[in-house]
Amino acid sequence: MRRFILAAVMVLGFAAASASAADVKIGYVDMQRALNNSESGKEAKEQLAARLKKYQDEINGKQEELKKLKDELEKQGMLLSETARASKEKDYQQRLKEFQRFTKDAQDELQAKDEEFTRKILEEMEKVIKEYGRTNGYAFIFAKNDSMMLYVDEKSDVTEEVLKRFNTAKKK
């Protein structure tokens, strides 16, 4: 008898939990798509592309200088005295190190700027998502992550609505 009562209580508990779970609104936002398609994300990409082009132009110029210096060293190497050749070689090695340092610094700066833009956009987007969730009665809004979500019903995707609100909020 005791087992029967316990089983009945458990069945009723599961039924009540299932009924209340049916009322729960759950959605998700594809954060990568939201970042790429937001006005802020597009502006950030343009700024990064402009910086990349500037750096690439500088890198190309420095590479050309290094190539000329190396060609000169190879052509004149046999004609120069030992000390003059050693001096030119040392100069070439120094410029090569400076070039490598410049390239690494440029890469690090671009990566840091990308992370800064992404972090700022995600912080602003999170506020919009929270407000959207409160306004529309969502219990949960998840960030879509391909490696974590095994199945997602496309009807739960609120990315476009969030994007519209985010872009509108940014224009104000």
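Is Arg95 buried, exposed or partly exposed? Arg95 is partly exposed, with a relative accessible area of 38%. Here, buried means under 20% relative accessible area, exposed over 50%, and partly exposed in between, with a 1.4 Å probe and protein chains only.

Some ground rules. This is a predicted model, so local features need pLDDT of at least 70, side-chain atom pairs count only at pLDDT 80 or more, and totals for chains, interfaces and linings use all residues. Residues are numbered from 1 along each chain as its sequence is written, and side-chain values use heavy atoms, with hydrogens and water left out.

Now the overall layout. The protein has five helices and two strands. Along the sequence the pattern runs α-β-α-α-α-β-α. Helices (H or I, at least four residues) and strands (E, at least two) are DSSP runs, numbered from the N terminus. Of the 172 residues, 23% are buried. Take contacts between residues at least 6 apart in sequence: 84% of them join residues at least 24 apart. A contact means heavy atoms within 4.5 Å.

Next, helix H3. Residues 39-76 make up this helix, 38 residues in total. From first C-alpha to last, H3 reaches 55 Å, close to the 56 Å expected at 1.5 Å a residue. The expected span is 1.5 Å times one less than the number of residues. Among the buried residues of H3 are Tyr55, Ile59 and Leu66. The buried residues of H3 pack against helix H2 (31-37), helix H4 (82-135) and helix H5 (159-171).

On to the core. In soluble globular proteins, nonpolar side chains tend to be buried together. Here, the largest nonpolar core has 25 residues. Val29, Ile121, Met125, Ile129 and Val162 have the most contacts inside it. H2, H3, H4 and H5 each supply at least two residues of this core. H4 gives the most, with eleven residues. A nonpolar core is a set of buried Ala, Val, Leu, Ile, Met, Phe, Trp, Tyr and Cys residues joined through side-chain atoms within 4.5 Å. What does Ile129 touch, not counting residues up to four places away in sequence? Val29, Met31, Ile141 and Val162.

Let's turn to charges. The structure holds 13 salt bridges. A salt bridge is a side-chain nitrogen of Lys or Arg within 4 Å of a carboxyl oxygen of Asp or Glu. Asp157 pairs with Arg33, the closest N and O atoms being 3.1 Å apart. That pair links distant parts of the chain, 124 residues apart. Asp157 sits in the loop between strand E2 (138-143) and H5, while Arg33 is in helix H2. Asp157 counts as buried because its relative accessibility is 16%. Arg33, at 25%, counts as partly exposed. Arg33, Asp157 and Glu160 are linked in a network of salt bridges.

Back to Arg95. Arg95 forms a salt bridge with Asp91, the closest N and O atoms being 3.5 Å apart. Because Asp91 and Arg95 are four residues apart in helix H4, about one helical turn separates them. Asp91 is partly exposed, at 31%. Glu126 and Lys130 form another salt bridge, with closest N and O atoms 3.2 Å apart. Glu126 and Lys130 also lie in H4, four residues apart.

Lastly, Lys127. Lys127 is in helix H4. At 62% relative accessibility, Lys127 counts as exposed. The C-alpha atoms of Lys127 and Phe166 are separated by 9.1 Å, though the two are 39 residues apart along the chain.
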